[in-house]
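Thanks for coming, everyone. Let's walk through one structure together. Please look at the screen.

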Amino acid sequence: MKTVRLGRTGLVVSKNGFGCLPIQRISDQEAAALLQRAYGSGVNFYDTARMYTDSENKLGLALSHVRDKIIIATKTEAVTPEHFWADLEESLRRLKTDYVDIYQFHNPSFCPKPGDGSGVYEAMLEAKRQGKVRHIGITNHRLAVAKQAIESGLYETLQFPFNYLATDQDMELVRLCKEKDMGFIAMKGMSGGLLNEARLSIAWMDQFENVEPIWGIQRPEELEEFLACMEEPVAMTEEIRGRIERDRAQLSGDFCRGCGYCMPCPAGIPINNAARMSLLIRRSPAAPYFTQEWQEKMARIDQCIHCNHCVSKCPYGLNTPDLLARNYQDYKEVLAGKPL
Ligand code: SF4
Ligand code: SF4
């Protein structure tokens with residue numbers, strides 16, 4: 001099985017890691033079965049977060065007996081030292097461990113640094129000194145913050161959205177991380193559900209020796225698909241290259257990645273799906289999006305109060321209300337009979 005060295009952390013992890021966000025949606029038993037099957041098949045990197053409700057508990061329940069054989073990354077959204085320590089202690093308790101291999105600031109709107117007044121980087125250093133944190137990382141969706149983190153020299157890993165729809169600027173981050181000997185952890189390897197064939201994504205990721213993709217896994221069949229691709233690496237053939245190029249052509253430009261950072265919406269609009277509905281109904285089975293429940297959710301778009309909260313929070317700089325209106329118009333037309 002291929003491995004990746006996570007930059008100057010020196011940690012060597014299986015090329016494909018387990019993203020523990022989706023295990024929030026399944027039972028403890030189902031999560032344990034998935035996590036233990038992954039571990040038994042050679043996956044040794046697990047990424048979770050304090051904000052993923054019970055994801056850390058499930059990881060602790062399933063794999064604490066092999067703690068020294070796995071690498072755990074988790075995250076805190078803390079912007080004060082008090083919150084930082086509360087989160088760290090809670091994560092350690094839930095993970096049933098006394099250290100985190102990589103502790104990451106979770107998508108902060110600024111790049112935490114010593115002396116910035118927040119005190120959180122100092123708290124991180126103290127946690128490292130105490131041995132509760134082995135390596136310091138940061139996750140982000142904003143290019144500017146990611147670049148600052150790389151240039152600061154303060155971080156050992158960067159976690160950033162990265163998949164075969166990557167722009168030149170995203171590619172530049174991977175190159176800079178390599179240059180600075182920082183680990184690069186790729187989230188959103190399937191672009192939040194818009195890319196729907198694991199083997200294309202895995203073949204593409206395999207081209208980057210310093211990139212560690214983490215795949216959000218919820219169902220046994222998803223895990224088996226990834227494990228099969230790991231056991232029998234997928235070659236980057238002309239056929240795969242052509243299909244990637246077709247997806248890139250179809251999904252270029254401003255589109256919603258489904259990250260949900262703009263939510264909640266005061267009008268109750270499920271923005272992370274509603275703002276990309278045109279893509280979802282064309283790239284995945286459409287029927288689940290035309291239920292009465294979904295029609296009602298989409299109708300909330302007419303109740304948008306144009307508060308612009310979503311616009312100010314979207315890390316991709318999208319004009320979300322406009323995107324929602326366009327998606328709703330298309331949705332209504334398809335509902336009325338326009339062919340997909
Ligand atoms: S502008 Fe509209 S869609 Fe965006 S948060 Fe406000 S109400 Fe919701
Ligand atoms: S509109 Fe922006 S912030 Fe909201 S889900 Fe889409 S990409 Fe994420």
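Start with a definition: a crossing is left-handed if the near helix is turned anticlockwise from the far one by less than a right angle, and right-handed if clockwise. Helices here are DSSP runs of H or I, at least four residues, numbered from the N terminus. With that, α7 passes α8 in a right-handed crossing.

Some housekeeping. This is a predicted model, where local features need pLDDT of at least 70, side-chain atom pairs count only at pLDDT 80 or more, and totals for chains, interfaces and linings use all residues. Residues are numbered from 1 along each chain as its sequence is written, chains are lettered from A and ligands numbered from 1 in the order in which they are written, and side-chain values use heavy atoms, with hydrogens and water left out.

Back to that pair. Helix α7 covers residues 198-205 and helix α8 covers residues 220-231. Their axes come within 10 Å and cross at roughly 40°. Axes are lines fitted to C-alpha atoms, for helices over the stretch in contact, and angles run from 0 to 180 degrees between N-to-C directions. Under 35 degrees is roughly parallel, over 145 roughly antiparallel, 65 to 115 roughly perpendicular, and the rest oblique. So α7 and α8 are oblique to each other.

Which residues of α7 and α8 make the contact? From α7, Ala198, Arg199 and Ile202; from α8, Glu225, Phe226 and Cys229. Contact means heavy atoms within 4.5 Å.

Next pair. Helix α1 is residues 28-40, helix α2 residues 55-63. These axes come within 9 Å and cross at roughly 60°. That makes α1 oblique to α2. Here too, α1 passes α2 in a right-handed crossing. Residues of α1 in the contact include Leu35 and Tyr39, and those of α2 include Leu59 and Ala62.

Now the domains. Domain 1 spans 3-245 and domain 2 spans 271-335; such bounds come from an automatic or database domain assignment. Their centres, taken over C-alpha atoms, are 28 Å apart.

Last, the ligands. How many residues surround ligand 2? There are 13, and the closest are Cys256, Cys259, Gly260, Cys262 and Cys314. A residue counts as near if one of its heavy atoms lies within 4 Å. Around ligand 1 we find, among them, Cys265, Cys304, His306, Cys307 and Cys310.

Definitions and conventions: Helix = DSSP H or I, 4+ residues; strand = E, 2+ residues; numbered from the N terminus.
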